[in-house]
Amino acid sequence: MAEGCDILNNIVVNARAECTGQAHRQELFPFMINIGVVTISDRASNGVYEDLSGKVIIDTLGAYLVSTWNLEYRVIPDEQDLIEQTLIELVDVRGCCLVVTTGGTGPALRDVTPEATAAVCSKMLPGFGEMMRAESLKYVPTAILSRQTAGIRDQALIVNLPGKPSAITQCLQAVFPAIPYCIDLINGPYLQENPDIIKVFRPKQ
Amino acid sequence: MAEGCDILNNIVVNARAECTGQAHRQELFPFMINIGVVTISDRASNGVYEDLSGKVIIDTLGAYLVSTWNLEYRVIPDEQDLIEQTLIELVDVRGCCLVVTTGGTGPALRDVTPEATAAVCSKMLPGFGEMMRAESLKYVPTAILSRQTAGIRDQALIVNLPGKPSAITQCLQAVFPAIPYCIDLINGPYLQENPDIIKVFRPKQ
Amino acid sequence: MAEGCDILNNIVVNARAECTGQAHRQELFPFMINIGVVTISDRASNGVYEDLSGKVIIDTLGAYLVSTWNLEYRVIPDEQDLIEQTLIELVDVRGCCLVVTTGGTGPALRDVTPEATAAVCSKMLPGFGEMMRAESLKYVPTAILSRQTAGIRDQALIVNLPGKPSAITQCLQAVFPAIPYCIDLINGPYLQENPDIIKVFRPKQ
């Protein structure tokens, strides 16, 4: 499923270190699929509990994708600056074409993931949040409290998922059919899905 | 239903006057439930017509809640500065955990309630507006013109409802099931609903 | 259907040239219905392909409206500055009460129509985007990638439609029932629809 590419990682980082300006990993290794999974949780990052949410995302993406992809996995506390820095690093340095976050999307004081996402994106995609809330509303009326969103930073799509494992599965299943085509549109790598597991949509050209 | 607590009000205001910094009424009287109802209407505030909308909100909240709560009721014109000042006063000085507005959410020049709400909130909850519009769309296609939203200021939830009494009832019924848990999440007081009238949702811990 | 009013146009422009400040064409000729249709597409504006999308909008509005209206039609590339200038000219100088755009609402680098729209509007109407995405979701799961919105500039409603002709028809049919009343609310001219073709809604006063 998700496979480490440490040697390639080093090559890319070294290659990039010699670049100036806005060169992107995607331009250097256009065939590589790097995906970031970021668990945003004070308690998970402090070791108070195991990060089940991140594992659910990794397992689900692993089931959905038959393309080989490289996982960039982070577990960080609910600090807006740190979330922003992590998203920027994953997109600008690690060359992720997709970054999926979990946690920090509720109304509580420490929930700042949507604000951090908006701060690092050049354009927002409100349809992701609308669809995830509509999906979660099938299960709980408190779905209207979740503030998940999605946005574009350079050649990467950043998607906020909810914090709870069951809600993650529901929401990722709802929005994933649009994700590979979105990454096509922003000149990212081609994500090949497993059609026995998930049906994605790409319009005929 | 809504009961005046003028003596306690005075105690709190006096206690607060001795505080410096960010002390909140909720910390002083955590058992008190103060709810603001703000009618925003040039005509109602000028006495051109009776404020039926505010009364519908007060009656509906009175039917939904079995907790004792204190009403802070205001009728003001559609002036953005005044709306912002009123929301700030209700949350910061009066210690409201919930402020419900009616009026000023349409597309007309004088409709500025969502802008005032966003200006005083630290985070927005787009799911409230989405749900209210989806609910109102069952009745009128012009529901897409309403710009209601909701947001968090400190330990308070601010919710914009539409202006018309019939739409108020529909929208409040749609979003109320999520409100008590939202106030739990922002460390507000426990709102006990009347389960014979409205079904609210709190996830099992 | 859409009829040129060049003589009146010149009168208005001349009249306006003598005005200072915020005089609007609507105040000068309140009975005139000017509607802007703006195709935003690098390829259509370069002549790479014919602008079918703009034609679909013009034909659809022509079928929906029995009022006489004047078309202001533009085909421009996906440049945010130019989109903003065009929207401003259509509203402030040409006196359009309605401007409908097509194109530039996706996630790609050159898609900047929603940003340009938000930049020139004083208030946004998120319900239009929500409804168009919900409508398009009946056909394709990638509808969540479209970022269409709508907003108010002075006495004009600006609506972003998607780029593809089939999606345009679906979305315009979904939101048009609310448009004439919206224009009433912002003191624009009265748009009379053809009730055999489209059903619009105006609440009884």
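Copies here are superposed by least squares on the C-alpha atoms of residues with pLDDT of at least 70 in both. This is a predicted model, so local features need pLDDT of at least 70 and side-chain atom pairs count only at pLDDT 80 or more, while totals for chains, interfaces and linings use all residues. Residues are numbered from 1 along each chain as its sequence is written, chains are lettered from A and ligands numbered from 1 in the order in which they are written, and side-chain values use heavy atoms, with hydrogens and water left out.

**View 1. Chain A turned onto chain B.** The copies use different surfaces, with 6% of the contact residues of chain A recurring in chain B; contact means heavy atoms within 4.5 Å.

**View 2. Chain C turned onto chain B.** Chain C goes onto chain B with a rotation of 120° and 0.0 Å of shift along the axis (RMSD 0.0 Å). That is the relation of a three-fold axis. In chain C, the C-alpha nearest the axis belongs to C:E130, 4.4 Å away from it. Only 5% of the interface residues of chain C are also interface residues in chain B, so the copies meet through different surfaces.

**View 3. Inside chain A.** Chain A has nine helices and six strands, taken as DSSP runs (helices H or I, at least four residues; strands E, at least two) and numbered from the N terminus. Of its 205 residues, 58% are buried, meaning under 20% relative accessible area with a 1.4 Å probe, protein chains only. Take the contacts in chain A between residues at least 6 apart in sequence, and 72% of them join residues at least 24 apart.

**View 4. Where chain A meets chain B.** Here 17 residues from chain A touch 19 residues from chain B. Together the two chains bury about 1,400 Å², 72% of it on carbon and sulfur atoms; buried area is the accessible area (1.4 Å probe) that two parts lose on being put together, summed over both. A:P107, A:I144 and A:L145 supply 41% of what chain A buries against chain B, more than any other three residues.

**View 5. The salt bridge between chains A and B.** The rule finds one salt bridge across this interface, the term meaning a side-chain nitrogen of Lys or Arg within 4 Å of a carboxyl oxygen of Asp or Glu. A:R133 pairs with B:E130, and their closest N and O atoms are 2.7 Å apart. On the chain A side that touches chain B, there are nine nonpolar, two polar and six charged residues. For these classes, Ala, Val, Leu, Ile, Met, Phe, Trp, Tyr, Cys and Pro count as nonpolar, Asp, Glu, Lys and Arg as charged, and the others, Gly among them, as polar.

**View 6. Where chain C meets chain B.** In this view, 19 residues of chain C contact 16 residues of chain B. C:K123, C:E130 and C:F201 lose the most area to chain B, together 35% of what that side buries. C:E130 also meets B:R133 in a salt bridge (2.7 Å, N to O). β4 (123–124), α7 (126–136) and α9 (179–185) of chain C each supply at least two residues of the side touching chain B, and the largest share, five residues, comes from α7(C). By class, that side has 15 nonpolar, two polar and two charged residues.

Notes: Buried < 20%, exposed > 50% of the residue type's maximum accessible area, 1.4 Å probe, protein only.
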